[in-house]
Amino acid sequence: MKKIVIIAGLVALIAAYFIFDLGEVLTLEGIKAQVDNAQAIYAENPLLVLALFFLIYVAATSASLPGASLLTLAAGALFGLQTGTILVSFASTIGATLAFLASRYVLRDSIEKRFGERLKAINAGLERDGAFYLFSLRMIPVVPFFVINLVMGLTRIKTWTYVWVSQIGMLLGTIAYVNAGTQLAQLESVSGLLSPVLLGSFALLGIVPWIAKAIVGWIQRRKVYAGFKRPKSFDRNLIVIGAGAAGLVSSLIAATVKAKVTLVEANAMGGDCLNTGCVPSKALIKSAKVAAIMRNADHYGITPVEPEIPFKQTLARVMDVIKAIEPHDSVERYEGLGVDVVKGYAKIIDPWTVEIALNDGGTQRLTARSIVIASGAEPIVPPVEGIDDSSYLTSDTMWDAFAKLDKAPARVAVLGGGPIGCELSQSLARLGSNVTQIEMMDHLLGREDEDVSDIARNVLQESGVTVLTGHRAVRVADGTLFAEKDGSEVSIPFDVLIIAVGRKARLSGFGLEDLGVDTEQTVTTDEFLATKFPNIFAAGDVAGPYQFTHTASHQAWFASVNALFGQFKKFKADYRVIPAVTFLDPEVARVGINETEAREQGIEVEVTRYELDDLDRAIAESETEGFVKVLTPPGKDTILGVTIVGNHAGELLAEYVLAMKYKIGLNKILGTIHSYPTMAEANKFAAGNWKRANKPEWLLDYVEKYHTWRRG
């Protein structure tokens, strides 16, 4: 109702403009013709004329009616420079603010609902620099003021900021017009009021805040480097610390653009992903799946058998997989690509100097214009009583320990119900271990929806895992983990205890504390991945907020390009579309928000599901567990998030990642030919389900009548 009142008021003002033919009055000739009569009335009733003029000016600007500049001239002619300037200055600000608020109240919600994602970046920029942008627009008369009022109302800029910046920003222009109005009789055209010199002066004043901001930034950067002596020349353009995904990509980009780059790594090239994480775990998962298929071969019309699992041989295959991929990340390959690889431990001595304790003895000091920290992450070990004496393993240390075993460990306790804990629990259970998984939260995969968590629990239990959710580990003693739930304690005896409660940024030993680089949970960076020192960057797990190999590589591009070319152009890291996959069997893949996050963020969504037990390829392969779930705004095909549970869910997700990245909706996916029979058809059928749920029933009623008429 309030919106209707606002719209009605604006319509009434616009109607009055045309009914009373104000377009003829608000011309230079019209103002000149009326000024003598108006001055006579003003001499008799000054307060009444001032108040009436003020209200007319506010009404005209709030309704975005043409003629505000001519009213400003009239103010100069009637009231003189001082009174006219004060009157117009406040009237114009009030009118602009009313137009701003009307736009915000009537239009912003619907605009944000439609273009919310695109407006996020704009609002973030306005929150940071809104006063600067608005002042420049007010000072540089390129965009009409009424457009500024309406457009700014659609943003999240604060009303008070809008008021005071508008008041100051419009003041000089107001003075110029009011002063011109005092000489109204000599004016021949409005276009001649502001000379090119005057306009240029306004433009210069408009960019003064930006110049001031740049100077302040320069001073702040100088202050950051105070106490450090910058080298006159540098040994390298870039030094990269850590040869995991982020470090490899950073150094490769630098070498590709012919920069002189040194990559420092103390341990194995390839980092955690190649040596202890993604690669070995996926190799183990595949072996475990083969064992599960053998046990359940009757699902495929074949006599099932209990597989013999020579665990040492299984782990040897895992190591062979690592060795097969190793050349991709090897010292030889990267040196061949132009990267100087140094094996040792790096410590940043000052913002441009890195000291390397070489693996083969001795030290080496190198200077560089820029540094990229890509030191990765390490497992978190919770502060549980007795855990340090338990000979626990982590995802980093388990591979060497397992490689020495002839059989899978008989009893395994896995502490943690996240992706790593779930993957290891299922794999080890399938390979013959008696696995108990302990999770403090009430459900597994805590970031996923409840239906995903339920499937994860079911498939783990089907694989032989004992799942204990809502249990908090309290102590470890004599080969037993004790966990508590609702005041009751349970004991879990184990031969092997695996800690999989998460990973934390690897921060110590690199000299960051001595330099004063902010490190709370990760290295603190700005949107360009720079630390407090503009020439020191961080990328990958050490920078957060995600701990995926693919985001580490993604960040590495931004970090290295900003490090090498930031003096010309800086690029903000883009986290809008980040996919994630948990490699359970069936896999769990997600991009964007899920139902839980939509509720927490107050986002209204429409949920579309397609069950895989309806898909021909899934039925043919007896892989019908799972679904495709797509979140969209109600009635629209814009994809806000997708969760897929099923065989090859990670591969199925790629289509949605592409669609979200390039703003492709479900209608386009529905109109795309998918090969038959493939799992990818699930994406098309999910889009079809959305289309059926959103078909225009009113139109179909008319279509039905048309067809009835056509039949005679």
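**Charges over rings**

I counted a charge as over a ring if NZ of Lys or CZ of Arg is within 6 Å of the ring centre and within 35 degrees of the ring normal. Lys 570 lies over the face of Phe 528, at 5.6 Å from the ring centre.

I note that this is a predicted model, where local features need pLDDT of at least 70 and side-chain atom pairs count only at pLDDT 80 or more, while totals for chains, interfaces and linings use all residues. Residues are numbered from 1 along each chain as its sequence is written, and side-chain values use heavy atoms, with hydrogens and water left out.

**Aromatic pairs**

I paired rings of Phe, Tyr and Trp (its six-membered ring) if their centres lie within 6.5 Å; planes under 30 degrees apart are stacked, over 60 edge-to-face, and the rest tilted. The count by this rule is 14 aromatic pairs. I checked Tyr 42 and Phe 79: the ring centres are 4.9 Å apart and the planes stand at 75 degrees, so this pair is edge-to-face. The two residues are 37 apart in the chain, with Tyr 42 in helix H3 (residues 28-44) and Phe 79 in helix H5 (residues 68-139). Helices (H or I, at least four residues) and strands (E, at least two) are DSSP runs, numbered from the N terminus. Phe 79 is buried, at 8% relative accessibility; buried is under 20% relative accessible area, exposed over 50%, and partly exposed in between (1.4 Å probe, protein chains only). Ring pairs also join Tyr 42, Phe 53, Tyr 57 and Phe 79 into a cluster.

I then looked at helix H25 (residues 697-710), which holds both Tyr 706 and Trp 709, 3 residues apart, about one turn of the helix. Tyr 706 is partly exposed at 43% relative accessibility, and Trp 709 is exposed at 64%.

**Nonpolar cores**

I took a core as a set of buried Ala, Val, Leu, Ile, Met, Phe, Trp, Tyr and Cys residues joined through side-chain atoms within 4.5 Å. The largest has 35 residues, and Phe 402 and Ile 498 have the most contacts inside it. H17 gives the most to this core, with 5 residues. I listed what Phe 402 touches, leaving out residues up to four places away in sequence; among them are Phe 311, Leu 315, Leu 428 and Ile 498. Contact here means heavy atoms within 4.5 Å. A second, separate core of 28 residues includes Ala 246, Ala 255, Met 269 and Ala 573.

**Sheets**

I found an open sheet of 5 strands in the order S17-S18-S21-S20-S19, paired antiparallel. Two strands pair if DSSP finds at least two bridges between them. Strand S17 (579-582) and strand S19 (606-611) are at the edges with a single partner strand each, so one side of each has no neighbour in the sheet. Strand S20 (residues 627-632) and strand S21 (residues 641-646) are joined by 5 bridges, and Leu 631 is opposite Gly 641 in S21. Helix H24 (residues 681-693) packs on this sheet, touching S19, S20 and S21, and its direction makes about 135 degrees with that of S19. For angles, axes are lines fitted to C-alpha atoms, for helices over the stretch in contact, and values run from 0 to 180 degrees between N-to-C directions.

I also noted an open, antiparallel sheet of 3 strands in the order S11-S12-S13.
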